[in-house]
Amino acid sequence: MIRTLLALVPLLMIFSQVKGQEVIPFDSEQWSYDGTYSIEEYKGAKALLLSPGSTAELPGISMKDGIIEYDVAFGAQRGFVFTFFRMVDNINHEELYFRPHRSGDPDAIQYTPNYNGVHGWQLYQGPNYSIDYKYKDNEWMHIKMVIKGARMEVFIDNMKIPALEVFELRRDPVAGYIAFRSILTDTRIANVTVSQPNTIQFVGESTQVPQLAPEVVSSWEVSNAFAKNRLGLELNHMRLEDLAWSDVDTEFTGVANLARVGVLNEEENTVLAKFIVHSEIEQLKQLEFGYSDIARIYVNGKAVYDGQREFLSRDYRYQGTVGFFDSLFLDLKQGENEIVFAVTEELGGWGVLARFVDLEKITVF
């Protein structure tokens, strides 16, 4: 009997955290399901079992700021367990997700925005976006997501401080519905509660968003999407004035998320992203840059670079994450120079970033 009571203690500690809040029953009309699922008893809880590729939505709950709590259990095999929130629709929302197979690694837990159906994990790594965490294999873990404005704190089990602090959620803070999705693995969820208290307090310290260095390109003009095979070694065969252009500001990491304006499909997966450099003299200037996934760079209409950073394209460990990993020397003429990146998306994020090693005798706009 004592052994049984001791075994129940961890469960009681988890389930007590939702006491006082109304758990949303999985057999209620509040849920909408897509794919294969079942409702079962699992280790002391009424659980929803989501099979690989299945989704459970709460379409009737509209939440901008609030607290989402649930218990989750999954095995150690390769998979992805998502919580979507502030869902405008199925392709525009915020995402928190777990990688069971990356337990203990720096990207075990990750936040990313989703713009126009492009899941941008290659663009959002490191502080503010991903953390390491050692999972409990097929055991219940309690998740608490505290969301307000541009901030989110994520707690696991009985943590007093958040496991993940997101000090700048990337999408505009608008009300939306909530969903859970399991990819490549079975996932169990229990004790789902959603609350929207009048006052939401954060535990962690308020973090100022870092400022961009002046050498980083801070804004890009981005075209609508088109087929990659339209590209040549020169841009003069394309009528750039016939493309639809939008401004995309650079985020604090230096990344411009092209999916904010580029709507992707199988035929049209490439956009042009450009900026102007005014040079006081003829000179060579070193530009450091990164992209996801394929890029061709043009200076004053002529191609000077062609490369790719696709997921797993170099070896089985290659992730294709972005950074200032590449460099080239731009041959600038005196006056205005147009720098154009043609960026193609394949998987995991559609982005570009660039910075000059120095700004002597140039102005970027």
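Strand β3 (residues 45-50) runs antiparallel to strand β15 (residues 187-195), and the two are joined over four bridges. Strands here are DSSP runs of E with at least two residues, numbered from the N terminus, and two strands pair if DSSP finds at least two bridges between them. Within this pairing, Leu 48 has Ile 189 of β15 as its bridge partner. The model is a predicted one, in which local features need pLDDT of at least 70 and side-chain atom pairs count only at pLDDT 80 or more, while totals for chains, interfaces and linings use all residues. Residues are numbered from 1 along each chain as its sequence is written, and side-chain values use heavy atoms, with hydrogens and water left out.

Both strands belong to an open sheet of seven strands with antiparallel pairing, in the order β2-β3-β15-β5-β11-β12-β13. The edges are formed by β2 (37-42) and β13 (164-166); each has a single partner strand, so one side of each is left without a neighbour in the sheet. From one strand to the next the twist averages 25°, where axes are lines fitted to C-alpha atoms and angles run from 0 to 180 degrees between N-to-C directions.

Strand β7 (residues 92-98) contains Glu 95. On one side of the pairing, β7 is joined in the antiparallel sense to strand β6 (residues 80-89) over six bridges, with Val 81 opposite Phe 98. The strands β6 and β7 form a hairpin with two residues between them. Strand β7 also pairs with strand β8 (residues 109-115), again antiparallel and over six bridges; here Glu 94 stands opposite Pro 113.

How many of the residues of β7 are buried? Seven of its seven residues are, where buried means under 20% relative accessible area, exposed means over 50%, and partly exposed lies in between, with a 1.4 Å probe and protein chains only. In a regular strand the side chains alternate between the two faces of the sheet. In β7, Asn 92, Glu 94, Leu 96 and Phe 98 point one way, whereas His 93, Glu 95 and Tyr 97 point the other way.

The side chain of Glu 95 does make polar contacts with the side chains of Asn 114, at 2.9 Å, and His 119, at 2.5 Å. A polar contact is a pair of N or O atoms within 3.5 Å; within protein, one must be able to donate a hydrogen and the other to accept it, and residues adjacent in sequence count only if both atoms are side-chain atoms.

Asn 269 counts as buried because its relative accessibility is 12%. Beyond four places in sequence, its contacts (heavy atoms within 4.5 Å) include Phe 226, Leu 264 and Trp 350.

Strand β18 also takes part in an open, antiparallel sheet of four strands, ordered β18-β25-β20-β23. Here β18 and β23 (326-332) stand at the edges with a single partner strand each, so one side of each has no neighbour in the sheet. Strand β20 (residues 283-292) pairs with β23 over seven bridges, and Glu 288 stands opposite Ser 327.
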